[in-house]
Amino acid sequence: MRYLVTGGAGYIGSHVVLALLDAGHEVVVIDNFITGHRDAIPKDVEQHDVDLLDYHATSNVLAKKRWDGVLHFAALSLVGESIEKPFHYLRNNYQASLNLIQLCSKYAVEKFVFSSTAALFGGPDRCEAISETASIQPASPYGESKYMVECILRWADKIYGLKSTCLRYFNAAGADPFNRAGEDHSPETHLIPLTIDAALGRRPPLQLFGLDYPTPDGTCIRDYVHVTDIAEAHIRALECLNEKSTAFNLGNGRGYSNLEVIQSVERVSGRRVPWEPAMRRLGDPAVLVADSSRIKRETGWSPRFDTLDKIVETAFAWRAKHPYGYDK
Ligand SMILES: NC(=O)c1ccc[n+]([C@@H]2O[C@H](COP(=O)([O-])OP(=O)(O)OC[C@H]3O[C@@H](n4cnc5c(N)ncnc54)[C@H](O)[C@@H]3O)[C@@H](O)[C@H]2O)c1
(Lines give C-alpha, C1' and ligand atoms only; values in the text may rest on other atoms or scores of the structure.)
Protein backbone atom coordinates (compact mmCIF):
# COMPACT_ATOMS: atom_id res chain seq x y z
CA MET A 1 0.00 0.00 0.00
CA ARG A 2 1.10 3.59 -0.54
CA TYR A 3 0.52 6.06 2.29
CA LEU A 4 1.01 9.81 2.55
CA VAL A 5 2.08 10.92 6.03
CA THR A 6 1.78 14.59 6.98
CA GLY A 7 3.99 15.66 9.88
CA GLY A 8 6.17 12.57 9.31
CA ALA A 9 9.22 14.44 10.63
CA GLY A 10 7.56 14.93 14.01
CA TYR A 11 7.66 12.74 17.09
CA ILE A 12 4.64 10.50 16.52
CA GLY A 13 4.61 10.75 12.71
CA SER A 14 8.22 9.53 12.45
CA HIS A 15 7.42 6.44 14.56
CA VAL A 16 4.40 5.69 12.38
CA VAL A 17 6.58 6.06 9.25
CA LEU A 18 8.88 3.38 10.71
CA ALA A 19 5.93 1.09 11.48
CA LEU A 20 4.53 1.47 7.97
CA LEU A 21 7.94 0.74 6.42
CA ASP A 22 8.41 -2.25 8.76
CA ALA A 23 5.03 -3.56 7.54
CA GLY A 24 6.28 -3.32 3.92
CA HIS A 25 4.32 -0.24 2.79
CA GLU A 26 5.48 2.65 0.61
CA VAL A 27 5.55 5.98 2.47
CA VAL A 28 5.77 9.60 1.33
CA VAL A 29 6.14 12.42 3.87
CA ILE A 30 4.87 16.01 3.74
CA ASP A 31 6.27 18.32 6.40
CA ASN A 32 7.19 22.00 6.70
CA PHE A 33 9.73 21.14 9.46
CA ILE A 34 8.40 23.86 11.73
CA THR A 35 8.80 21.48 14.69
CA GLY A 36 9.90 18.33 12.87
CA HIS A 37 13.42 17.03 12.20
CA ARG A 38 14.88 15.99 8.85
CA ASP A 39 16.95 13.32 10.62
CA ALA A 40 13.77 11.71 11.94
CA ILE A 41 12.81 10.57 8.42
CA PRO A 42 14.69 7.55 7.03
CA LYS A 43 16.96 8.65 4.17
CA ASP A 44 15.24 6.58 1.47
CA VAL A 45 11.75 7.96 2.17
CA GLU A 46 10.41 10.51 -0.36
CA GLN A 47 9.80 13.78 1.46
CA HIS A 48 8.25 17.09 0.45
CA ASP A 49 9.06 20.32 2.27
CA VAL A 50 5.53 21.68 1.96
CA ASP A 51 3.30 23.70 4.26
CA LEU A 52 -0.23 22.29 4.22
CA LEU A 53 -1.48 25.88 4.35
CA ASP A 54 -0.21 26.11 0.75
CA TYR A 55 -3.13 24.53 -1.10
CA HIS A 56 -1.42 24.40 -4.50
CA ALA A 57 1.85 22.90 -3.24
CA THR A 58 -0.13 20.29 -1.28
CA SER A 59 -2.26 19.58 -4.33
CA ASN A 60 0.88 18.97 -6.42
CA VAL A 61 1.98 16.23 -4.01
CA LEU A 62 -1.45 14.59 -3.84
CA ALA A 63 -1.96 14.71 -7.60
CA LYS A 64 1.31 12.86 -8.28
CA LYS A 65 0.24 9.37 -7.19
CA ARG A 66 -2.70 7.22 -6.17
CA TRP A 67 -2.92 6.96 -2.38
CA ASP A 68 -4.29 4.06 -0.37
CA GLY A 69 -4.49 6.34 2.62
CA VAL A 70 -3.43 9.59 4.23
CA LEU A 71 -2.26 9.80 7.84
CA HIS A 72 -2.46 13.33 9.17
CA PHE A 73 -0.15 14.25 12.08
CA ALA A 74 0.90 17.77 11.05
CA ALA A 75 -0.21 20.29 13.66
CA LEU A 76 0.95 22.70 16.30
CA SER A 77 0.21 21.08 19.63
CA LEU A 78 1.18 23.17 22.65
CA VAL A 79 -1.93 23.86 24.70
CA GLY A 80 -0.48 26.92 26.50
CA GLU A 81 0.87 28.45 23.28
CA SER A 82 -2.54 27.98 21.65
CA ILE A 83 -4.10 30.18 24.34
CA GLU A 84 -1.49 32.89 23.63
CA LYS A 85 -1.87 32.58 19.81
CA PRO A 86 -5.38 31.25 19.15
CA PHE A 87 -5.69 32.37 15.52
CA HIS A 88 -2.25 31.04 14.64
CA TYR A 89 -3.29 27.64 16.01
CA LEU A 90 -6.71 27.63 14.41
CA ARG A 91 -5.20 28.58 11.07
CA ASN A 92 -2.40 26.05 11.17
CA ASN A 93 -4.47 23.16 12.48
CA TYR A 94 -7.90 23.84 11.02
CA GLN A 95 -7.16 25.63 7.74
CA ALA A 96 -4.28 23.30 6.83
CA SER A 97 -6.45 20.26 7.57
CA LEU A 98 -9.30 21.72 5.53
CA ASN A 99 -6.94 22.04 2.54
CA LEU A 100 -5.72 18.48 2.97
CA ILE A 101 -9.18 16.93 3.45
CA GLN A 102 -10.60 18.87 0.50
CA LEU A 103 -7.76 17.51 -1.66
CA CYS A 104 -8.27 13.97 -0.34
CA SER A 105 -11.91 14.24 -1.38
CA LYS A 106 -10.90 15.61 -4.79
CA TYR A 107 -8.35 12.86 -5.45
CA ALA A 108 -10.61 10.07 -4.10
CA VAL A 109 -8.32 9.01 -1.27
CA GLU A 110 -10.04 6.05 0.39
CA LYS A 111 -8.79 6.17 3.95
CA PHE A 112 -7.80 8.97 6.30
CA VAL A 113 -6.41 8.62 9.83
CA PHE A 114 -6.30 11.76 11.95
CA SER A 115 -4.25 12.52 15.07
CA SER A 116 -6.85 13.81 17.48
CA THR A 117 -6.37 14.30 21.17
CA ALA A 118 -7.61 13.89 24.73
CA ALA A 119 -7.65 17.72 24.80
CA LEU A 120 -11.13 17.37 23.27
CA PHE A 121 -12.27 16.41 26.75
CA GLY A 122 -10.15 19.01 28.51
CA GLY A 123 -12.90 20.92 30.28
CA PRO A 124 -14.32 19.60 33.53
CA ASP A 125 -12.64 17.37 36.09
CA ARG A 126 -13.56 13.73 35.58
CA CYS A 127 -12.25 10.88 37.66
CA GLU A 128 -13.59 8.01 35.58
CA ALA A 129 -11.88 6.73 32.41
CA ILE A 130 -13.02 8.75 29.39
CA SER A 131 -14.89 6.88 26.68
CA GLU A 132 -15.85 8.08 23.20
CA THR A 133 -19.31 9.03 24.44
CA ALA A 134 -17.97 11.54 27.01
CA SER A 135 -18.99 15.12 26.30
CA ILE A 136 -16.59 17.09 24.13
CA GLN A 137 -15.57 20.32 25.83
CA PRO A 138 -12.19 21.57 24.62
CA ALA A 139 -10.53 23.95 27.08
CA SER A 140 -8.09 25.49 24.58
CA PRO A 141 -7.91 26.66 20.96
CA TYR A 142 -5.65 23.63 20.37
CA GLY A 143 -8.34 21.19 21.54
CA GLU A 144 -11.00 23.14 19.65
CA SER A 145 -8.95 23.06 16.42
CA LYS A 146 -8.75 19.27 16.67
CA TYR A 147 -12.48 18.99 17.22
CA MET A 148 -13.10 21.23 14.21
CA VAL A 149 -11.05 18.82 12.07
CA GLU A 150 -13.14 15.91 13.34
CA CYS A 151 -16.20 17.88 12.15
CA ILE A 152 -14.70 18.48 8.67
CA LEU A 153 -14.07 14.73 8.42
CA ARG A 154 -17.70 13.97 9.30
CA TRP A 155 -18.88 16.08 6.35
CA ALA A 156 -16.17 14.75 4.01
CA ASP A 157 -17.55 11.26 4.65
CA LYS A 158 -21.22 12.24 4.35
CA ILE A 159 -20.75 14.11 1.09
CA TYR A 160 -17.65 12.61 -0.56
CA GLY A 161 -17.43 9.18 1.10
CA LEU A 162 -13.95 9.81 2.59
CA LYS A 163 -13.66 7.19 5.35
CA SER A 164 -11.73 8.32 8.40
CA THR A 165 -10.61 7.22 11.83
CA CYS A 166 -9.83 9.84 14.46
CA LEU A 167 -7.40 8.52 17.06
CA ARG A 168 -7.62 10.60 20.21
CA TYR A 169 -4.27 10.01 21.84
CA PHE A 170 -3.84 10.60 25.53
CA ASN A 171 -0.17 11.22 26.54
CA ALA A 172 2.18 9.86 23.88
CA ALA A 173 5.50 8.78 25.38
CA GLY A 174 8.54 6.55 24.89
CA ALA A 175 10.78 5.93 21.90
CA ASP A 176 11.33 3.34 19.19
CA PRO A 177 12.47 0.14 20.98
CA PHE A 178 15.27 -0.23 18.37
CA ASN A 179 16.41 3.33 19.11
CA ARG A 180 15.77 4.52 15.53
CA ALA A 181 13.62 7.51 16.64
CA GLY A 182 12.64 9.33 19.80
CA GLU A 183 11.05 12.41 21.33
CA ASP A 184 12.66 15.80 20.67
CA HIS A 185 10.27 18.74 21.04
CA SER A 186 11.53 22.29 21.36
CA PRO A 187 10.52 23.62 23.76
CA GLU A 188 9.97 20.29 25.52
CA THR A 189 6.82 20.35 27.62
CA HIS A 190 6.19 16.61 28.08
CA LEU A 191 6.76 15.23 31.54
CA ILE A 192 8.76 12.07 30.78
CA PRO A 193 11.56 13.69 28.69
CA LEU A 194 11.70 16.60 31.15
CA THR A 195 12.04 14.18 34.08
CA ILE A 196 14.73 12.18 32.30
CA ASP A 197 16.69 15.35 31.53
CA ALA A 198 16.39 16.44 35.17
CA ALA A 199 17.72 13.02 36.25
CA LEU A 200 20.63 13.41 33.82
CA GLY A 201 21.40 16.88 35.22
CA ARG A 202 20.64 18.56 31.89
CA ARG A 203 17.93 20.80 33.31
CA PRO A 204 17.25 22.66 36.53
CA PRO A 205 15.04 20.77 39.01
CA LEU A 206 11.76 19.59 37.56
CA GLN A 207 8.77 21.73 38.50
CA LEU A 208 5.72 19.82 39.69
CA PHE A 209 2.65 21.92 38.98
CA GLY A 210 0.27 21.39 41.90
CA LEU A 211 0.58 19.02 44.86
CA ASP A 212 -2.98 19.57 46.10
CA TYR A 213 -5.08 17.79 43.46
CA PRO A 214 -7.79 15.38 44.69
CA THR A 215 -5.62 12.34 43.81
CA PRO A 216 -3.93 9.82 46.16
CA ASP A 217 -0.57 11.67 46.19
CA GLY A 218 -1.90 15.14 45.29
CA THR A 219 -0.30 15.30 41.82
CA CYS A 220 -2.04 15.07 38.43
CA ILE A 221 -2.72 11.67 36.91
CA ARG A 222 -2.23 11.03 33.20
CA ASP A 223 -2.50 8.06 30.85
CA TYR A 224 0.79 7.38 29.03
CA VAL A 225 0.63 5.40 25.80
CA HIS A 226 3.80 4.25 24.04
CA VAL A 227 4.48 5.82 20.67
CA THR A 228 5.08 2.39 19.09
CA ASP A 229 1.70 1.25 20.40
CA ILE A 230 0.20 4.40 18.86
CA ALA A 231 1.91 3.44 15.58
CA GLU A 232 0.42 -0.05 15.80
CA ALA A 233 -3.01 1.49 16.39
CA HIS A 234 -2.64 3.37 13.08
CA ILE A 235 -1.88 0.15 11.23
CA ARG A 236 -4.92 -1.53 12.82
CA ALA A 237 -7.08 1.51 12.07
CA LEU A 238 -6.09 1.40 8.39
CA GLU A 239 -6.79 -2.34 8.19
CA CYS A 240 -10.20 -2.03 9.85
CA LEU A 241 -11.36 1.19 8.15
CA ASN A 242 -13.81 0.04 5.51
CA GLU A 243 -17.44 1.04 5.62
CA LYS A 244 -17.71 3.26 8.67
CA SER A 245 -15.82 6.34 9.83
CA THR A 246 -15.12 6.31 13.53
CA ALA A 247 -13.20 7.80 16.46
CA PHE A 248 -11.26 5.90 19.11
CA ASN A 249 -9.82 7.04 22.43
CA LEU A 250 -6.28 5.74 22.66
CA GLY A 251 -4.46 5.22 25.94
CA ASN A 252 -3.18 2.49 28.20
CA GLY A 253 -6.29 2.75 30.37
CA ARG A 254 -4.24 3.17 33.54
CA GLY A 255 -3.21 6.48 35.00
CA TYR A 256 0.10 7.38 36.65
CA SER A 257 0.64 10.40 38.86
CA ASN A 258 3.44 12.91 38.28
CA LEU A 259 5.20 11.55 41.38
CA GLU A 260 4.94 8.01 39.98
CA VAL A 261 6.61 9.24 36.78
CA ILE A 262 9.49 10.59 38.89
CA GLN A 263 9.77 7.28 40.75
CA SER A 264 9.77 5.33 37.48
CA VAL A 265 12.55 7.50 36.00
CA GLU A 266 14.55 7.02 39.22
CA ARG A 267 14.13 3.22 39.00
CA VAL A 268 15.06 3.06 35.30
CA SER A 269 17.95 5.54 35.38
CA GLY A 270 19.34 4.67 38.79
CA ARG A 271 19.55 8.43 39.45
CA ARG A 272 17.68 10.79 41.72
CA VAL A 273 15.32 13.29 40.05
CA PRO A 274 15.63 16.76 41.58
CA TRP A 275 12.21 18.44 41.69
CA GLU A 276 10.43 21.36 43.34
CA PRO A 277 6.77 22.22 43.91
CA ALA A 278 5.17 24.87 41.68
CA MET A 279 1.73 26.48 41.34
CA ARG A 280 -1.03 24.62 39.52
CA ARG A 281 -1.31 25.52 35.82
CA LEU A 282 -4.59 26.92 34.56
CA GLY A 283 -6.78 24.29 32.93
CA ASP A 284 -4.82 21.19 34.05
CA PRO A 285 -7.45 18.58 35.00
CA ALA A 286 -6.62 16.33 37.98
CA VAL A 287 -7.11 13.08 36.08
CA LEU A 288 -7.09 12.23 32.36
CA VAL A 289 -7.34 8.51 31.67
CA ALA A 290 -8.65 6.84 28.52
CA ASP A 291 -11.22 4.14 28.25
CA SER A 292 -9.71 2.37 25.24
CA SER A 293 -12.09 -0.58 25.24
CA ARG A 294 -13.67 0.40 21.92
CA ILE A 295 -10.46 0.31 19.86
CA LYS A 296 -9.50 -2.97 21.53
CA ARG A 297 -12.88 -4.50 20.75
CA GLU A 298 -13.18 -3.21 17.19
CA THR A 299 -9.58 -3.55 15.91
CA GLY A 300 -7.89 -6.06 18.23
CA TRP A 301 -5.31 -3.41 19.25
CA SER A 302 -3.71 -3.81 22.63
CA PRO A 303 -0.70 -1.98 24.09
CA ARG A 304 2.56 -3.94 24.30
CA PHE A 305 4.20 -1.28 26.49
CA ASP A 306 1.60 -1.60 29.20
CA THR A 307 3.51 -0.32 32.23
CA LEU A 308 5.13 3.03 32.89
CA ASP A 309 8.56 1.46 33.45
CA LYS A 310 8.49 -0.19 29.99
CA ILE A 311 7.67 3.18 28.43
CA VAL A 312 10.31 5.06 30.42
CA GLU A 313 13.00 2.45 29.58
CA THR A 314 12.72 3.18 25.83
CA ALA A 315 12.57 6.96 26.39
CA PHE A 316 15.64 6.80 28.61
CA ALA A 317 17.58 4.64 26.13
CA TRP A 318 16.93 7.13 23.31
CA ARG A 319 17.72 10.18 25.40
CA ALA A 320 20.95 8.60 26.66
CA LYS A 321 22.04 7.94 23.05
CA HIS A 322 20.87 11.36 21.75
CA PRO A 323 21.62 13.77 24.61
CA TYR A 324 20.84 16.81 22.47
CA GLY A 325 18.13 15.25 20.29
CA TYR A 326 18.15 15.33 16.47
CA ASP A 327 19.95 17.78 14.20
CA LYS A 328 22.56 18.63 16.82
N1 LIG B 1 2.53 14.20 21.61
C2 LIG B 1 1.37 13.93 22.23
O3 LIG B 1 1.34 13.50 23.39
C4 LIG B 1 0.07 14.10 21.48
C5 LIG B 1 -1.13 13.84 22.17
C6 LIG B 1 -2.34 13.98 21.48
C7 LIG B 1 -2.35 14.35 20.15
N8 LIG B 1 -1.17 14.62 19.51
C9 LIG B 1 -1.22 15.01 18.08
O10 LIG B 1 -0.37 14.14 17.36
C11 LIG B 1 0.22 14.84 16.26
C12 LIG B 1 1.72 14.68 16.30
O13 LIG B 1 2.21 15.19 17.54
P14 LIG B 1 3.77 15.25 17.82
O15 LIG B 1 3.94 15.22 19.29
O16 LIG B 1 4.44 14.23 16.97
O17 LIG B 1 4.11 16.72 17.31
P18 LIG B 1 5.39 17.24 16.49
O19 LIG B 1 5.40 18.72 16.66
O20 LIG B 1 6.58 16.47 16.89
O21 LIG B 1 5.01 16.88 14.98
C22 LIG B 1 4.16 17.66 14.18
C23 LIG B 1 4.78 17.70 12.78
O24 LIG B 1 3.90 18.45 11.91
C25 LIG B 1 4.68 19.38 11.15
N26 LIG B 1 3.77 20.48 10.79
C27 LIG B 1 3.11 21.32 11.64
N28 LIG B 1 2.36 22.19 10.93
C29 LIG B 1 2.53 21.90 9.61
C30 LIG B 1 2.01 22.43 8.40
N31 LIG B 1 1.17 23.48 8.38
N32 LIG B 1 2.39 21.88 7.22
C33 LIG B 1 3.26 20.82 7.21
N34 LIG B 1 3.78 20.27 8.32
C35 LIG B 1 3.42 20.81 9.52
C36 LIG B 1 5.83 19.76 12.06
O37 LIG B 1 6.96 20.25 11.39
C38 LIG B 1 6.13 18.40 12.74
O39 LIG B 1 7.04 17.63 11.99
C40 LIG B 1 -0.25 16.28 16.36
O41 LIG B 1 -1.35 16.44 15.49
C42 LIG B 1 -0.70 16.40 17.81
O43 LIG B 1 -1.70 17.38 17.96
C44 LIG B 1 0.03 14.51 20.14
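**Helix packing and cavities**

Biologist: Do α4 and α5 run roughly parallel or roughly antiparallel to each other?

Modeller: In this predicted model, the axes of helix α4 (residues 86–106) and helix α5 (residues 141–160) come within 9 Å and cross at roughly 15 degrees. Angles under 35 degrees count as roughly parallel. The two helices, α4 and α5, are therefore roughly parallel.

Biologist: How many charged residues are in the contact of α4 with α5?

Modeller: On the α4 side the contact includes Tyr-89, Leu-90, Leu-98 and Ile-101, and on the α5 side it includes Met-148, Val-149, Ile-152 and Leu-153. By class, the contact of α4 with α5 has 14 nonpolar residues and four polar ones, and the number of charged residues is given as no charged residues.

Biologist: Is the crossing of α4 and α5 left-handed or right-handed?

Modeller: The axes of α4 and α5 cross at roughly 15 degrees. The hand of that crossing of α4 and α5 is right-handed.

Biologist: What is the relation of α8 to α10, oblique or roughly parallel?

Modeller: The axes of helix α8 (residues 258–269) and α10 come within 9 Å and cross at roughly 60 degrees. That angle makes the relation of α8 to α10 oblique.

Biologist: How many charged residues are in the contact of α8 with α10?

Modeller: From α8, Glu-260, Val-261, Ser-264, Val-265, Arg-267, Val-268 and Ser-269 take part, and they meet Leu-308, Asp-309, Val-312, Glu-313 and Phe-316 of α10. Next to six nonpolar and two polar residues, the number of charged residues in the contact of α8 with α10 is four.

Biologist: Which helix gives the most to the lining of the largest cavity?

Modeller: The largest cavity has a volume of about 70 Å³, and its lining includes Ile-196, Ala-315, Trp-318 and Arg-319. Both α6 (191–199) and α10 (308–321) supply at least two residues of that lining. With three residues, the helix that gives the most is α10.

Biologist: How many charged residues does the lining of the largest cavity have?

Modeller: The lining holds Glu-183 and Arg-319 along with residues such as Gly-174, Ala-175 and Pro-193. By class there are five nonpolar residues and one polar residue, and the number of charged residues is two.

Biologist: What is the volume of the second largest cavity?

Modeller: The count of cavities of 30 Å³ or more comes to two. Residues lining the second largest cavity include Asn-171, His-190, Leu-191 and Tyr-224, and β7 (171–173) and α6 each supply at least two residues of this lining. By class, the lining has six nonpolar, two polar and one charged residues. The volume of the second largest cavity is about 40 Å³.

Methods
Residues are numbered from 1 along each chain as its sequence is written. This is a predicted model: local features need pLDDT of at least 70, side-chain atom pairs count only at pLDDT 80 or more; totals for chains, interfaces and linings use all residues. Side-chain values use heavy atoms; hydrogens and water are left out. Axes are lines fitted to C-alpha atoms, for helices over the stretch in contact, and angles run from 0 to 180 degrees between N-to-C directions. Helices (H or I, at least four residues) and strands (E, at least two) are DSSP runs, numbered from the N terminus. Angles under 35 degrees count as roughly parallel, over 145 as roughly antiparallel, 65 to 115 as roughly perpendicular and the rest as oblique. A crossing is left-handed if the near helix is turned anticlockwise from the far one by less than a right angle, and right-handed if clockwise. Contact means heavy atoms within 4.5 Å. Ala, Val, Leu, Ile, Met, Phe, Trp, Tyr, Cys and Pro count as nonpolar, Asp, Glu, Lys and Arg as charged, and the others, Gly among them, as polar. On a 1 Å grid over the protein atoms alone, a cavity is a set of points where a 1.4 Å probe fits but cannot get out, and a pocket is an open set with protein on both sides within 12 Å along at least five of seven lines; lining residues have an atom within 4 Å of a point. Grid points are joined across faces, edges and corners, and a volume is the space filled by probe spheres set on the points.
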